[in-house]
Amino acid sequence: MRCSKPIRPTTSTDDLTARPLSHHREALRRARWGARVAVGAGLFVLAAPIALAVADRAGPTLDLPTRRTDLSTKDRARVRAVTRQTDDFAAAERFEAMPGGGATSTASITRDAFSHPSANLDFEERQTFFVGNGIFKKLWVAAPSSTAASDGLGPLYNARACQRCHLKDGRGHPPDGPDDVASSMFLRLSVPPRTVEEHDALAAFETLRIPEPTYGGQLQNFAVTGLSAEGQMTIDYEEIPVTLADGEVVHLRKPTYGIADLGYGPIDPAVQLSPRVANPMIGLGLLEAIHPADLMANADPDDADGDGISGKISVTRDPVTGDLTIGRFGWKASTPSVMVQSAEAFSGDIGISTPIVTDAFGECSIAQSICRDQPTGVQRRLGDVEAPDPLLGLVTFYAQNLAVPARRDVEDPKVLEGKKLFYEAGCVDCHTPKYVTSRKAEGKAQRFQLIWPYTDLLLHDMGEGLADGRPVGNASGSEWRTAPLWGIGLTETVNGHTYFLHDGRARSLLEAILWHGGEAEAAASRVRDMSRGEREALLAFLESL
Ligand code: HEC
Ligand code: HEC
């Protein structure tokens, strides 16, 4: 999946070398994207002339509303009142136990806790959800095969089904040891820009990063029979002791990543690796429904208020409209919507083309011609791509409607104490507790809900410790999207492990907090200074989410 890149990495390699630079960049871009969505390749006929627009490098500006455009004045005041941060920790707040609003699942807590549909779907929508679930679980096979509508896998891929990574609709994990093939985690790849064209494409946000010339934007560790996989991710961990103020010693494991068994020759020595585990899938439609003005309200890119925290909106390009927009999904918030993220997953992770990412050969680069020449799973009678409409729409609906489970123990005094500490330590400066979603959200089930995701969806500098050194769009090599915390206390129940952060390096919630640096250093240091009892209360609060 090229979750972090709206432009296909492989084709964008040839785009970047062959693409004409136009002073009518806007028109060219629109034409490109339009054509991309409609017919895929074959659009570089727009051979245009050629003024090197240095001014383009100034970077993009997003024209975002600073005020909720979906609400009446009266509603705006109401929304402001219910979303104001509390300072009363004596009891739980109203509706706090229902983090997904009316969509919250109140089913009893089992391993399936992340797999229930939004509670407020109507009968027909529930049917659509279950059909979408089938596609999410579907095992794709290599073409050609007798199972007509399921072929087209790869040729390069990381997994054969969405569910193989988003295990139980929850999160992935790093491999258990050297013999465990990484299956719910992979490496994203890129190289620094070198040519004027590459710099220019980045500055204009035509692409968010430059793919490695041979291996593309993602390392696929599997390939169909007869082809080599690209290679295998390797991880070395080094244990680092951290001594807390009360004397307790916590060990963090610092990972170093590499690639073994390269299948297509040498890799660029300047390659940048970004390890990612699969995110949990709950509440995504609700995150999509947060109004841009509410994200803007927390953004403070230049830290104008001087609190040391400077969240910024991730800027990305929506391949469907061609427009610049807010990035919300993936660990660096590089994709604009659940649908785009899903289309990129089909392509980059499984090697299946969709109406949004149309290449049947998935992520094979032009340097991997053997891979581009493999049979495809396109069935002309069904459409021009391997997963034609309505498959992408169905899986998107499914992913938008995986319900957030109801909270547990909200009135427990220890949980309430932990909540207070969560506020006092400044965790809420990034992990924004609550929103009321847009009245104009696309999905009915997502409209005008009071939700508690504990994220601002903004990019924050998390310091050198967590840095991957791989910039994407306007996210630097040390910036990450504030991870939503809803449901995090059920990770062990659903997934049987407690590995956290973008690469699963943290083995517990406490380790995850202690990795916080950069803008979050002050918050982490408050946790290091807590007494054991306070730390336990803080963790009890997180476990109740
Ligand atoms: C090989 C493993 C893998 C497969 C298969 C996979 N994903 Fe993912 N998924 C990931 C990873 C890793 C991320 C985080 C990506 C990033 O940060 O760029 C992710 C992120 C996402 C997100 C964003 C979640 C968030 O909180 O931002 C969505 C939505 C998603 N995937 C949907 C899908 C769908 C739909 C499919 C099947 C078509 C799929 N994924 C297949 C690994 C996978
Ligand atoms: C400056 C913003 C910021 C502050 C302050 C902050 N966080 Fe975070 N938090 C993040 C970001 C960004 C991530 C994702 C980092 C990554 O994956 O590398 C994250 C991740 C996490 C995770 C792991 C989530 C997951 O899905 O793996 C936990 C748990 C967490 N934070 C708890 C806390 C607590 C508790 C505090 C207060 C002591 C806190 N955070 C303060 C930004 C912040």
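User: Before we look around, what makes a residue count as buried?

Analyst: A residue is buried if 20 or more other C-beta atoms lie within 10 Å of its own. This structure is a predicted model, and its chain has 545 residues. By that cut-off, the share of them that counts as buried is 50%.

User: Is Thr-376 buried or exposed?

Analyst: Thr-376 sits in the loop between α10 and α11. Its C-beta atom has 21 others within 10 Å, and the cut-off is 20 or more. Thr-376 is therefore buried.

User: How are α4 and α11 oriented to each other?

Analyst: Helix α4 covers residues 123-137 and helix α11 covers residues 391-400. Their axes lie 7 Å apart, at an angle of about 105°. Angles of 65 to 115 degrees fall in one class, so the two helices are roughly perpendicular.

User: How many residues in the contact of α4 with α11 are nonpolar?

Analyst: On the α4 side, the residues include Phe-129, Val-131 and Ile-135, and they meet a set in α11 that includes Leu-394, Val-395 and Phe-397. Three residues of this contact are polar and no residue is charged. The nonpolar ones number nine.

User: Which residues have the most contacts inside the largest nonpolar core?

Analyst: In soluble globular proteins, nonpolar side chains tend to be buried together. Here the largest nonpolar core has 118 residues.

User: Which element gives the largest share of the shell around ligand 2?

Analyst: There are 29 residues around ligand 2, and Cys-427, Cys-430, Phe-500, His-502 and Ala-520 come nearest. The elements giving two or more residues to this shell are β12, α14 and α15. The largest share is three residues, and it comes from α14.

User: How many residues of the shell around ligand 2 are charged?

Analyst: The shell divides into three classes, with 20 residues nonpolar and six polar. The charged residues number three.

Methods. Residues are numbered from 1 along each chain as its sequence is written. Chains are lettered from A and ligands numbered from 1 in the order in which they are written. This is a predicted model: local features need pLDDT of at least 70, side-chain atom pairs count only at pLDDT 80 or more; totals for chains, interfaces and linings use all residues. Axes are lines fitted to C-alpha atoms, for helices over the stretch in contact, and angles run from 0 to 180 degrees between N-to-C directions. Helices (H or I, at least four residues) and strands (E, at least two) are DSSP runs, numbered from the N terminus. Angles under 35 degrees count as roughly parallel, over 145 as roughly antiparallel, 65 to 115 as roughly perpendicular and the rest as oblique. Two residues are in contact if their C-beta atoms, placed from the backbone, lie within 7 Å. Ala, Val, Leu, Ile, Met, Phe, Trp, Tyr, Cys and Pro count as nonpolar, Asp, Glu, Lys and Arg as charged, and the others, Gly among them, as polar. A residue is near a molecule or strand if its C-beta atom, placed from the backbone, lies within 6 Å of it. A residue is buried if 20 or more other C-beta atoms lie within 10 Å of its own, exposed if 12 or fewer, and partly exposed in between; C-beta atoms are placed from the backbone. A nonpolar core is a set of buried Ala, Val, Leu, Ile, Met, Phe, Trp, Tyr and Cys residues joined through C-beta atoms within 7 Å.
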